[in-house]
Amino acid sequence: MEKAKDFYEKHKLIVYLILFAVSLVVPFVIEQALILRYICTIMMYATLAGSLNVINGYSGQTCLGQAGFFCIGAYTCAALTKNFGVSFWIVLPLAGILAALVGLLVSLPTLKLSGIYLSIVTLGASEIIRIIAQTWTPVTGGALGIKQIPYPNLFGLELFRPKYYYFIFLIIGVLFLFITSRVLRSRVGRAWMAIREDQVAAKSLGVETSRCKCTNFMYGAFWAGIIGAAYAPFVNYIESSQFTTDTGFNVLAMVVIGGQGTLLGPIIGSAIVTILTETLRFLENWRYVIYAIIIILMMWVRPQGLLGASDSILAGGKIRRKEKEQGGKKA
Amino acid sequence: MIDFSQIDTNVPMLESKGLCKYFGGLKAVDNVDMKIMPGDIFGIIGPNGAGKTTFFNMCTGMYTPTKGNVYLMGEDVTGLSAERVARKKMARTFQNLQLFKFMSVLDNVKIGCHIGTKTNMVDSIFHTKRYKQDEEYVVHKSEEILRAIGLYEYRDTMAGNLAYGMQRKVEIARALALEPYILLLDEPAAGMNPQEKEELMEFIKMLNDGGYTIAVIEHDMKFVMNSCNRILVLNFGQKICEGTPDQVKSDKQVHEAYFGKGIIAGEAVKVHG
Amino acid sequence: MKKKRMLAVAALSMTAVLMTACSGGSGSSTGGGSGEASTIKLGGLAPLTGNYAEYGKGFQIGWQMAIDEINAAGGVNGHKLEIEVKDTQGDAVVSSNMATNFAEDESVMAILGDFTSGACKANAEIVDRYGIVQLSPTASAPDYANMSKYCFSIMGRQDGEAPYLARYILDKYLGAKKIAVIRVDSDWGLSCYENFLPTAEELGMEVTVEKYASGEKDFSSLITKMRSVNPDVLVVMDQGDSVAAIFNQADAAGWDIQHVALGPGTSEQLIGQLTTPDNLIVTSPFFFDENDETLTKWSSTFQEQSGFAPTIHPACAYDTVYLIKNAIERIGDGEITRDAIQQALDQSENTGITGALNFTEDGDIVRNYMICGVENGKWVVLEGFDYANE
Amino acid sequence: MEYFLNQLVNGLCQGAIYALMAIGYSVIVGVVGMVTFTYGEIMMIGAFSAYYIFQAFGNNLPLAILAAFTGSFVIGIIVYKLCYEKFFNAPRHISLLCTIGISMLIKNLAQIVFGPETKPVLDIIENRTFTIMLGSVRLDIKLLQIVVILLVIVLAGTLTLFFNKTKWGIALRAVSQNKDAAYLMGINVKRTALIGNCIGSGLGGVAGILLSIYYYSVSATMGGAYSMKAFAASVLGGLVDIRFSALGGLCIGIIENLGIAVSAATFRDVFAFGFLILVLLIRPQGFVSKKGVRV
């Protein structure tokens with residue numbers, strides 16, 4: 001494994017090129033549209049989980065309402081493209097910006113709250129967003145939802161088949177990874193992580209925790225909005241029941257299973273959860289039983305997720321325990 | 001490094017006037033006046049529960065005082081939030097170590113450079129000139145500090161894995177990255193062995209020679225008496241004495257309230273003599 | 001530690017790849033010839049889990065009963081029938097995925113399902129593009145079947161049932177003037193109400209309406225609200241458990257009012273859930289007549305297999321299989337293709353256990369409705385009010 | 001006026017059930033120090049235990065309450081062993097996700113075991129309405145509502161006595177205020193937390209049976225929505241103080257019903273959560289002023 005890492009460090013460009021080539025070929029090698037649809041779904045959830053990971057994994061807040069931002073993005077896209085004929089490509093960033101603005105609104109309580117209180121506020125906000133989508137009939141179609149959402153159009157080519165849609169999700173996903181990794185390796189990302197590790201210390205170093213949390217929330221919401229906008233034409237039909245808190249919990253499970261605070265974790269988590277739920281479909285209710293058992297087992301065996309470091313703060317690693325003992329002695 | 005020349009040496013670096021903090025009926029800090037002049041190594045001592053850390057917390061904006069004011073270089077900073085106070089060039093460390101334990105030593109110090117840099121999200125996405133300048137500055141600055149404090153070889157180690165004494169040093173390094181005029185150290189020598197303490201004392205003196213004003217809470221009498229030029233003694237939240245080590249030693253009230261029946265006091269006197 | 005972790009990751013990703021490969025493999029291997037094959041495969045979409053699980057189960061059993069019967073009697077034109085049922089969780093997106101799955105699988109000749117109008121409408125685009133029939137037993141939204149020539153439904157449309165309710169039950173049977181409607185805020189509920197309102201207004205009724213989110217349990221405030229307008233009849237438009245909940249809570253509040261429901265049909269379960277079942281009147285296109293031997297037999301067989309009493313929904317599901325069978329028979333010696341089934345279905349005239357099933361141009365059917373009430377814990381058709389032929 | 005008073009009565013009664021749920025919830029959160037999303041399923045198990053008692057022994061309410069309490073109590077032990085015991089010092093999200101997992105597990109197992117259909121719970125309490133005339137204002141109060149409110153008051157009272165007068169109760173309070181200090185005082189923190197969690201769960205079970213009687217039905221999926229309401233109510237009350245949590249539950253019940261009275265029932269949750277967020281913006285710790293739990 002170390003060797004692989006070394007190889008990656010030395011030949012970054014080659015690794016990227018290979019990955020790029022493989023990802024380009026995938027939709028032409030895989031014939032079954034359904035498999036491609038699943039791959040699309042995986043990429044979609046990977047980005048959504050990634051956006052949640054920015055909030056939960058990198059700044060250590062407990063947001064349970066990612067479904068709400070997702071919902072905003074999807075409805076923005078559906079309403080604008082369907083009712084006003086706005087191009088998908090213009091709607092995409094718009095949806096992100098709108099979601100980010102709502103994210104700002106939701107994050108305002110975070111200036112005062114933390115922990116459990118923050119979780120319930122985000123959870124409540126997500127439900128409120130969903131109910132607004134369900135009742136604001138003129139814009140969102142109310143309980144009817146919005147159906148036959150126009151497919152994106154690229155130079156006259158209607159991107160209907162999963163084969164084309166694959167590239168939309170791929171580009172968004174890669175952009176997300178690229179931009180996020182850059183942000184995380186800068187002053188902004190360091191400030192987020194400082195807040196996650198120790199908020200009091202971060203404050204003492206002049207990190208404007210409130211502002212950082214707000215931008216963090218907005219950033220996460222932005223990408224959730226974008227992926228929501230890409231989701232709407234993909235499924236062609238949206239209604240409010242697709243954005244319940246269960247969706248939020250599901251995405252959270254992906255992040256935690258893959259590994260919070262790692263860039264690749266949400267991708268792995270999304271792949272595992274999606275493939276698991278699809279392949280076990282024939283088990284009906286037992287499928288959820290198995291899924292639940294996997295979640296619990298995961299928390300017992302690897303609480304930091306598959307890709308998380310065993311010694312991270314998110315794992316409640318050894319250092320923490322040691323310190324606890326010391327603290328105990330001192331007291 | 002830091003330009004200390006523009007500091008007005010006649011204005012107190014940190015001053016408190018009638019500072020109070022009450023928790024319900026408990027008067028944790030009661031009406032404390034203090035003056036730290038630029039260039040001081042200022043010691044704050046007192047028995048456990050005397051309100052030293054609470055006092056620090058009010059000075060650095062962690063707590064809002066119940067009454068009274070705090071002035072930093074003549075400017076009223078009472079009630080400002082901790083991050084605003086930090087921006088006014090006051091850095092601190094914590095009694096019970098608040099390191100970013102799961103980050104590398106270098107990253108710890110890098111975060112200390114937060115207020116010295118201005119990169120925003122757009123800069124970081126497009127790697128603008130500002131981003132590059134900032135990153136260069138941050139790396140350069142952090143490594144310089146780590147070299148000075150003798151932690152350079154541990155820069156990639158996870159902070160939480162270091163020995164206790166080392167962790168204290170990381171915290172100081174992190175605070176230094178703020179480029180502060182004044183440094184507040186809360187029991188920096190706790191948990192260190194005598195040799196480490198000695199080194200730390202030297203290091204603090206060196207910082208002071210370099211122009212930093214330093215305020216330090218410490219239990220170790222030897223440490224305080226030997227390095228500080230002025231000392232504030234607190235007991236039950238009240239100031240009982242402020243002055244040079246000699247003044248403090250000869251103060252009757254201090255003897256009665258703090259040094260008790262003589263053994264520690266005798267030791268302290270002996271050491272100093 | 002690190003090694004272990006990487007191993008775990010590797011193992012999991014391997015399983016992932018394998019699983020994908022497997023499902024991919026099965027998809028392609030079943031694709032075979034259609035004309036000469038001795039089994040004809042159908043795809044079933046049903047919410048086997050989730051909020052509508054009991055209906056999904058009903059579908060599954062209804063379909064299987066029909067197929068077993070047909071196969072036991074020698075199949076259709078020598079072909080055996082087979083159905084693969086996929087769980088759609090009552091979720092439109094999952095349903096779309098499953099519909100794509102069936103549409104991509106060339107051995108699947110037609111899709112039966114899904115349960116909700118919403119899911120069926122979400123699939124309309126897909127079945128249209130792939131050119132495969134989606135025959136829903138229960139979709140009743142008026143704007144569903146006309147979405148594509150491949151979309152069919154045999155439930156009957158709300159724009160038939162809702163006006164019937166207004167005209168015959170409320171106006172002629174009960175002579176009500178002031179109507180309180182409590183409806184579920186869903187695709188289905190909205191379109192019911194929208195089809196109900198014009199007729200009611202035309203008949204000079206005064207309608208007050210309140211809606212609630214599906215899954216709502218507490219209706220006391222809605223009932224207090226409705227009570228304050230003092231109506232003659234309380235109409236509930238919902239298919240699920242809320243129907244019983246609303247009437248029970250109205251009873252508990254001591255509100256003595258005529259109960260009318262649109263949606264549940266003559267559900268046996270509903271009787272058991274109500275505190276005052278005798279006070280309920282429903283419209284139903286279908287009725288388990290105790291004197292009808294085939295129906296009784298069917299009903300008891302169903303109950304044996306499922307453990308619960310059938311509603312109209314599994315009966316419709318049962319009929320859909322026979323519709324496909326008839327369509328295949330009509331194709332006769334011609335090659336059985338998806339399009340051939342669509343065409344044969346479009347022209348077919350059938351009678352199922354739920355009554356006459358003749359498709360309109362859109363692909364729905366027009367049902368005849370009955371007024372049903374409860375007597376001694378059993379559904380009965382209220383005699384003397386048969387307006388079917390009016 | 002009459003209309004609003006009647007809506008107030010509706011709200012009060014629903015609020016009383018919320019209050020009982022919130023009491024159980026805050027006992028759990030207080031003692032364990034972590035959020036739970038299993039509460040809805042615990043209530044469901046309680047309701048089903050009672051349902052089968054009704055099936056077997058007829059309308060025996062005290063026995064049913066006992067069964068509901070016991071059933072949920074046992075589930076509480078399982079939840080505690082799986083979700084909390086190992087994670088007291090771990091980051092919060094670990095046990096949080098565990099509870100989400102358990103909730104999924106119990107819900108789906110229940111659907112398999114009990115069946116997916118809604119089961120009726122009828123005629124447990126006689127359908128009778130009392131009409132009170134306040135001047136010209138007519139107030140209708142159901143017998144059911146009175147029974148529910150009385151039960152909640154009795155349970156809350158018993159619990160308060162238990163917490164203040166018994167050795168176990170005092171230990172529970174100590175643990176919920178400060179685990180380390182309680183440990184130093186010689187309290188077996190883990191066992192106390194287990195007992196506390198189970199008592200909270202038991203109360204949840206009783207709330208579950210009240211729900212099933214009040215709404216005439218039980219089903220495997222009944223828990224979800226109420227779990228969130230219990231959570232919201234106890235956050236409103238500051239998470240650890242049972243009296244304030246009860247108040248939080250009452251407030252949410254009343255706000256919801258009055259909100260519906262002036263708008264539509266589809267907005268129920270908007271009122272509940274909107275009110276919660278508003279209160280938290282003004283008073284970040286909910287109704288209580290002290291911060292009593294590790295958050």
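Modeller: Four bridges join strand β3 (residues 41-45) of chain B to strand β9 (residues 230-235) of chain B, and the two run parallel. This is a predicted model, in which local features need pLDDT of at least 70 and side-chain atom pairs count only at pLDDT 80 or more, while totals for chains, interfaces and linings use all residues. Residues are numbered from 1 along each chain as its sequence is written, and chains are lettered from A and ligands numbered from 1 in the order in which they are written.

Colleague: What makes β3(B) and β9(B) a pair?
Modeller: Two strands pair if DSSP finds at least two bridges between them, and here there are four bridges. Within the pair, Ile44(B) stands opposite Leu232(B).

Colleague: In what order do the strands of the open sheet in chain B lie?
Modeller: The six strands follow the order β6-β7-β8-β3-β9-β10, with mixed pairing. Strands here are DSSP runs of E with at least two residues, and helices are runs of H or I with at least four, numbered from the N terminus.

Colleague: Why is one side of β6 and of β10 in chain B left without a neighbour in the sheet?
Modeller: β6 (90-92) and β10 (238-243) of chain B stand at the edges, each with a single partner strand, so one side of each has no neighbour in the sheet.

Colleague: Why is β2 of chain D called hardly covered?
Modeller: A residue is buried if 20 or more other C-beta atoms lie within 10 Å of its own, exposed if 12 or fewer, and partly exposed in between, with C-beta atoms placed from the backbone. Among the six residues of β2(D) (residues 129-134), the count of buried residues is zero. In chain C, by contrast, buried residues make up 55% of the 390 residues.

Colleague: Which way do β2(D) and β3(D) run?
Modeller: They run antiparallel, joined by six bridges, and Thr131(D) has Asp140(D) as its bridge partner in β3(D). The two strands form a hairpin with two residues between them, and Gly135(D) in the turn has a positive phi of about 65 degrees.

Colleague: How many residues of chain A are in contact with chain D?
Modeller: Contact requires C-beta atoms, placed from the backbone, to lie within 7 Å; by that rule 40 residues of chain A are in contact with 38 residues of chain D. α6(A) gives the most to chain A's side, with 13 residues.

Notes: Contact = placed C-beta atoms within 7 Å.
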